[in-house]
Every structure is written in C-alpha cells, then in structure tokens.
Number of protein chains: 2
Amino acid sequence: MNAKKPAMEVPECKEQLIAIKDTMILLSGKWKIQIIGWLLLYGKVRFMDLLRGIDGIAAKMLSKELQELEQNQIVARTMMPTKPITVEYELTEHGKTLSGVITAISTWGVTHRKFLFKKES
Amino acid sequence: MNAKKPAMEVPECKEQLIAIKDTMILLSGKWKIQIIGWLLLYGKVRFMDLLRGIDGIAAKMLSKELQELEQNQIVARTMMPTKPITVEYELTEHGKTLSGVITAISTWGVTHRKFLFKKES
DNA sequence: GAAACTGGTTTCCTTTAGGAAACTAATTAG
DNA sequence: CTAATTAGTTTCCTAAAGGAAACCAGTTTC
C-alpha cells in the first residue's frame, strides 16, 4: 500500500483562512480581546477602570494596547476637560461589530469548562 | 468640576471575561486558530498537507502546535500503517465546537476588509 | 546506490511580548 | 506643605515565541 496521493486538492475556501489571519493580526496578544470584552460589557469607561478591572494588566500594556486598538479604529478615545483630566474609552461602531467574535469566544470558554468537568467526573 | 467617581460598579458579568481568558490561553499564538480553521474546512488531513497549506509555518511550529491541540483534546492524531507512514489529523467532536468561534473570526475579517475599503474610497 | 518521500526532532538564534518599578505633570484635598 | 488623584511614559529586564536549517529513520522509486 502506497501512501502517496498527488497532494491535496486545495479549493478556494482559502479566502476564509486569509480572513482569519487578518483578524488575528489585529487581535493577537494577551490583552486586546479582554479589553474589547470589557468595553462591550461596560460601555464607556476610563483608563483607571480598565487598569483596575482587567486582572493583572500593567499600565504600560494597557496604554499600548489601547493605542493600537485606536489606530485600527476599534476603540475611540475621548479626553474630558475635567480636573484632574479624565479620558474615556469606548468601542467605535466598527469595534462593536466584534461582538459576535467576543461572545463566540466567551461562550466557547463556558462550553470548554463544562467539557473538562464532564470528563473528570 | 471634579472627575472623581467612587470607582466603577463592577457587576457579575465577570464570568464572561474569565471565559474569554480561558479560551485565549488555549488558542493564543500565531498558528493555532489558523490550523483549526484548516481542519474545519478540509476535515481529515495529513501533516504535509498542513505544512504546505498553511502559509509560512515551519515544521517545528506545526508539530508543536498540533501536540498542544492534541493535549487539549481539540485535535485527534491517527497514525496509518502505510509505507511510508502517514499521519492524519482532524478535529475531535470537542474541537468541532470551535466552529462558531472560527467562523465569527473569519466573518469579521471580511467585515473589516470592507470597512477599510469603504474608508479609502 | 542516489534521491525523494513520509513525519517529524534538534539546535541555534533573533525577535517580540510582557512585567515591575520608577517617574512625569497638572491639579486638588487635607 | 504633603499626599493623592488623573493618565500615562520610560527604563530595564526576562521569558516566551518563532524561524532557518540541519538532521533522523524508514521506505520506495529511479
């Protein structure tokens, strides 16, 4: 018996794989999806809300990730002329279109937890 | 005007944020989601199919990522007694429950591309 | 016998991600 | 005057991720 097949036929579903790659370039890393999840749940929040709310994140990271999300027009930043100054972050309209992705990820996390629980019992 | 609010009220939506974190621990990195996307589209495939099909991945990476996905029971590995030996990879039943996540990511990639196109025109 | 196929592993290296802590400026409350 | 608030930035460091190339064993084809 010979294992040789001439190589897989690769149909044009490839578009979808490119789209996956595109998305993951924007959202990769430890924090971005968590930040977006926060903004989806809580709406318009301040820098310090995120810093205190997202477990374990450092100011440097939060600042950097928010800048990147802003550049990609997923997050909007608003400076308020209060004293001391406050800055508010929220999802843009485009950013809100990520809700399907975030809820799918969140839902699967629950599914996976149930799966692990079922196995060990 | 004083910006001080006593600190955000943080309701119990936090479960969802934990679930997001759980999921991303399993799927983080440059390749895992792409691999799963491939397996969703093509079903049962061989090591070399993935190596040649996923643009830019190195054998070391593919091998390592597949091992991790197997450990987490997302991917199943089958050795076939052909000559030369062939190995087939496919999603487990549990792995297939990721299809919602993957299609959401893929769909959003398309949405995002349209968004960028609309802006520049 | 040489080359090519299978599915990897090993080594060595570079790049990136990420974290801790200190520091800034402007302002206010005590 | 001191301490604390806001929203960050800067520096220094380590750990992890990732890539290129060589290598391996077993088998088959030329």
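This is a predicted model: local features need pLDDT of at least 70, side-chain atom pairs count only at pLDDT 80 or more; totals for chains, interfaces and linings use all residues.
How many nonpolar, polar and charged residues has the surface near DNA strand D, counted by class?

1. Residues are numbered from 1 along each chain as its sequence is written, while chains are lettered from A and ligands numbered from 1 in the order in which they are written.

2. Chain A holds 6 helices and 3 strands, where helices (H or I, at least four residues) and strands (E, at least two) are DSSP runs numbered from the N terminus. Read from the N terminus, the elements of chain A follow the order α-α-β-α-α-β-β-α-α. Of its 121 residues, 28% count as buried; a residue is buried if 20 or more other C-beta atoms lie within 10 Å of its own, exposed if 12 or fewer, and partly exposed in between, with C-beta atoms placed from the backbone.

3. Contacts in this note are between residues whose C-beta atoms, placed from the backbone, lie within 7 Å. Among the contacts in chain A with a separation of 6 or more, 51% are between residues 24 or more positions apart.

4. Between the two protein chains, 41 residues of chain B are in contact with 41 residues of chain A. On the side of chain B that touches chain A, helix H1 (14-27), helix H2 (32-42), helix H3 (47-53) and helix H6 (99-120) of chain B each supply at least two residues, and H6(B) gives the most, with 13 residues. By class, this side of chain B has 22 nonpolar, 14 polar and 5 charged residues; Ala, Val, Leu, Ile, Met, Phe, Trp, Tyr, Cys and Pro count as nonpolar, Asp, Glu, Lys and Arg as charged, and the others, Gly among them, as polar.

5. The same surface serves both copies, since 100% of the contact residues of chain B recur in chain A.

6. Where do the copies approach the DNA? Around DNA strand D there are 22 residues, of which A:Met48, A:Val87, B:Gly29, B:Lys30 and B:Lys83 are the closest; a residue is near a strand if its C-beta atom, placed from the backbone, lies within 6 Å of it. Two or more residues each come from helix H3 (47-53), H4 and strand E3 (86-91) of chain A and from H4 of chain B. In answer to the opening question, the surface near DNA strand D has 12 nonpolar, 5 polar and 5 charged residues.

7. DNA strand C also has 22 residues around it, and here A:Gly29, A:Lys30, A:Lys83, B:Met48 and B:Val87 come nearest. The surface near DNA strand C has 12 nonpolar, 5 polar and 5 charged residues by class.

8. In chain B, 3 strands form an open antiparallel sheet in the order E1-E3-E2, and strands pair if DSSP finds at least two bridges between them. Strand E2 (residues 75-80) and E3(B) are antiparallel over 6 bridges and form a hairpin with 5 residues between them, whereas 2 bridges join E1(B) to E3(B). B:Glu88 in E3(B) stands opposite B:Thr78 and also opposite B:Arg46.

9. Two backbone details deserve a look. The peptide bond from B:Lys83 to B:Pro84 is cis, with omega near -5 degrees, and B:Pro84 is found in the loop between E2 and E3 of chain B. B:Gln73, in the loop between H4 and E2 of chain B, has a positive phi near 60 degrees although it is not glycine, and B:Gln73 is partly exposed, with 15 other C-beta atoms within 10 Å.

10. In soluble globular proteins, nonpolar side chains tend to be buried together. The largest nonpolar core here has 50 residues, and A:Ile36 and B:Ile36 have the most contacts inside it; such a core is a set of buried Ala, Val, Leu, Ile, Met, Phe, Trp, Tyr and Cys residues joined through C-beta atoms within 7 Å. Leaving aside neighbours within four places in sequence, A:Ile36 is in contact with A:Ile74, A:Leu91, A:Gly95, A:Leu98 and A:Ile102.
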